[in-house]
Amino acid sequence: MRKRILIVEDEVIIARDIESKLRGLGYDTLPVISSGEEAIEKAGDLRPDLILMDIVLNGDIDGIEATSRIGKLFNIPVVYLTAYADEKTLERAKVTDPFGYMIKPFGEKELHSTVEMAIYKHRSTEKLLDSMEGTIDALATALEMRDPYTAGHQRRVGELAEAIALALNHPGDEVRGIHLAALIHDIGKIYVPSEILSKPVQLTENEFNIIKTHPRIGYDILGRIEFPWPIAEMVYQHHERIDGSGYPRGLKGDEIIFQARILAVADVVEAMTSRRPYRPAIGIETALEEISAGRGSKYDPDAVDVCKRLFSEERFVFSGVS
């Protein structure tokens, strides 16, 4: 199947030359666009296999900003086109994780090799991530088979953590990592005796101390897997609190990675809105009151504010809560 390529270039002569070269190489080209604003819109509408993005564009949004926004919304690889490559521009561009650079003017051979490499890298990355997601799903399923009372908890935490991260404008790749970590954040409970997990009355202090080992055990399990995100550390830290009152390490402030801060808020809210063996569901209003009371002390203030807004504006609803 011929690959569809979107050219974002504000110089007509250069755009036509690139278009001609691509067609001669056997690619399908989509209508050329010349502004960052339109690049974002068309990326969503057309879903090309690759975008060739000029850095300097018409309009208020340059190619780097357009690529950043596209990365948060769509899974489309971008190769930068530029007539210059000063250090400051390259540093800005690097943050958006492009799939290549081409300095104008460039020949057909360079264009062909860069396009093919970008498409290959993107395809390989997707296969690797799909494999990782399959592994994570298997681990999550194994835990839920042992602990039916919390079946769905990790998935719902994943839904909310993803929504919070998106609302905080984190890049799409970071959001994906947070979502996947949420799906297995309680994997360490696989070593907790089932009679404790399903106990129908409040846990004793000793039993709760056993439960509190699950973040470390989860870290030990996941730390052996090489992920492109700090998933093991997110799992290790999801019960830490900004004031140091959390567990298992009593981390404070910036010692807690931002992904774990988001996960902590999502975990608390979901847990309070779901039934447990020893209590009925408490409700979303009480859950939001809890994170509000701990805003800035226990919980990340930005994550709290966004979480409350998602529910108050009815942009988020948990699926399958009982």
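**Exercises on salt bridges and a cavity**

Arg 216 and Asp 220 stand four residues apart in helix α10 (residues 214-222), so about one helical turn separates them; helices (H or I, at least four residues) and strands (E, at least two) are DSSP runs, numbered from the N terminus. The model is predicted: local features need pLDDT of at least 70 and side-chain atom pairs pLDDT 80 or more, while totals for chains, interfaces and linings use all residues. Residues are numbered from 1 along each chain as its sequence is written, and side-chain values use heavy atoms, with hydrogens and water left out.

**Exercise 1.** Characterise the contact between Arg 216 and Asp 220.

*Solution.* 
Step 1. The two side chains meet in a salt bridge, 3.0 Å from N to O; the criterion is a side-chain nitrogen of Lys or Arg within 4 Å of a carboxyl oxygen of Asp or Glu.
Step 2. Arg 216 is partly exposed at 38% relative accessibility, and Asp 220 is partly exposed at 35%. Here buried means under 20% relative accessible area, exposed over 50%, and partly exposed in between (1.4 Å probe, protein chains only).

**Exercise 2.** Determine which parts of the chain the salt bridge of Lys 104 with Glu 9 ties together.

*Solution.* 
Step 1. The closest N and O atoms of Lys 104 and Glu 9 are 3.0 Å apart.
Step 2. Lys 104 belongs to the loop between β5 (101-103) and α5 (108-146), and Glu 9 to the loop between β1 (4-8) and α1 (12-24), so the pair ties together parts 95 residues apart in sequence.
Step 3. Both Lys 104 and Glu 9 are buried.

**Exercise 3.** State the total number of salt bridges.

*Solution.* The count comes to 21 salt bridges.

**Exercise 4.** Describe the volume and lining of the second largest cavity.

*Solution.* 
Step 1. On a 1 Å grid over the protein atoms alone, a cavity is a set of points where a 1.4 Å probe fits but cannot get out; lining residues have an atom within 4 Å of a point.
Step 2. The second largest cavity holds about 40 Å³ of space.
Step 3. Its lining consists of Glu 240, Ile 242, Ile 256, Arg 261, Ala 264, Lys 298, Tyr 299 and Asp 300.

Technical notes
On a 1 Å grid over the protein atoms alone, a cavity is a set of points where a 1.4 Å probe fits but cannot get out, and a pocket is an open set with protein on both sides within 12 Å along at least five of seven lines; lining residues have an atom within 4 Å of a point. Grid points are joined across faces, edges and corners, and a volume is the space filled by probe spheres set on the points.
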